[in-house]
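Visitor: Please bring up the sequence and the model. I have some questions about side chains and packing.

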Amino acid sequence: MQKNNYTYVWVSLVILVFGIIFVPKIVDRVKGGSITQNDRLNLKDANDKLAYVEMNGERRKVPPFAFIDQDSLLITNDDYKGKVYLVEFFFTTCPTICPIMNKNLVQIQNEFKNFENFGVASFTINPEYDTPSVLKEYAQDYGITNMDWHLLTGNMNDIYTLANTGFSIFAAEVPEAEGGFEHSGLFALVDKNGFIRSRVDKFGNPIVYYRGTITEQDGENDHGELEQISILKEDIKKLLEE
């Protein structure tokens with residue numbers, strides 16, 4: 001019984017000391033707004049920060065490229081330095097997903113029309129047909145007006161290496177496929193320093209790429225996959241503010 005009394009005394013003493021030392025500091029932080037404001041801001045910043053896409057522990061950066069655009073200008077990855085931009089792989093005669101992808105991109109273009117540091121890089125996976133003049137007409141038909149939206153063509157092997165190795169976004173020539181090619185309908189989001197970025201899923205893992213084949217209006221596709229254009233626009237804004 002005596003031992004229990006000693007224990008009680010020591011616990012009481014610890015509580016008393018804690019109250020004398022730390023409670024006034026906590027009260028000061030509350031009065032100063034540091035808990036109710038600063039701590040919440042830190043939490044918000046952590047949640048709003050987009051993740052870097054990594055491979056083998058290293059941040060993935062857009063590899064060097066050099067192709068010709070719809071105006072017959074040589075465009076390289078250096079032309080996108082200091083800009084937030086989207087990357088897609090498409091072809092002008094695509095009868096399936098490309099029209100949806102590019103209508104979504106035009107919608108995004110129009111929403112960010114007042115931002116000089118926003119652009120798009122569209123790489124054709126059918127460069128033999130998609131010459132600069134063909135790409136120029138395609139751009140006009142779709143209402144592409146952003147000066148930093150380049151529709152790019154060039155060596156087929158270089159484009160496929162960029163897609164499948166550089167971005168790990170699938171693209172292949174498949175004669176039996178509708179349109180003669182198969183490719184992913186994903187968009188890559190690139191920051192001002194050339195790093196691939198994305199938001200994270202509920203498990204804390206980067207989603208890596210954004211679905212480009214479902215419109216905001218449709219909401220989801222036949223497989224129950226949700227559109228990601230709305231969150232992509234939110235994430236573009238975050239990178240533009242960095």
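Visitor: Which backbone oxygen does the side chain of arginine 60 reach?

Guide: This is a predicted model, where local features need pLDDT of at least 70, side-chain atom pairs count only at pLDDT 80 or more, and totals for chains, interfaces and linings use all residues. Residues are numbered from 1 along each chain as its sequence is written, and side-chain values use heavy atoms, without hydrogens and water. Arginine 60 lies in the loop between strand S3 (58–59) and strand S4 (66–68). At 2.7 Å, its side chain reaches the backbone oxygen of glycine 166.

Visitor: Which side chain of opposite charge is nearest to arginine 60, and how far away is it?

Guide: Arginine 60 is buried (under 20% relative accessible area, 1.4 Å probe, protein chains only). It has no salt bridge (a side-chain nitrogen of Lys or Arg within 4 Å of a carboxyl oxygen of Asp or Glu). The nearest side chain of opposite charge is glutamate 58, at 9.5 Å.

Visitor: Which residues touch the most other members of the largest nonpolar core?

Guide: A nonpolar core is a set of buried Ala, Val, Leu, Ile, Met, Phe, Trp, Tyr and Cys residues joined through side-chain atoms within 4.5 Å. The largest has 54 residues. Those touching the most other members are Phe89, Phe123, Phe167 and Ile236.

Terms used: Helix = DSSP H or I, 4+ residues; strand = E, 2+ residues; numbered from the N terminus. Buried < 20%, exposed > 50% of the residue type's maximum accessible area, 1.4 Å probe, protein only. Lys, Arg positive; Asp, Glu negative; His and termini not counted. Polar contact = N/O pair within 3.5 Å; in protein donor to acceptor, adjacent residues only side chain to side chain.
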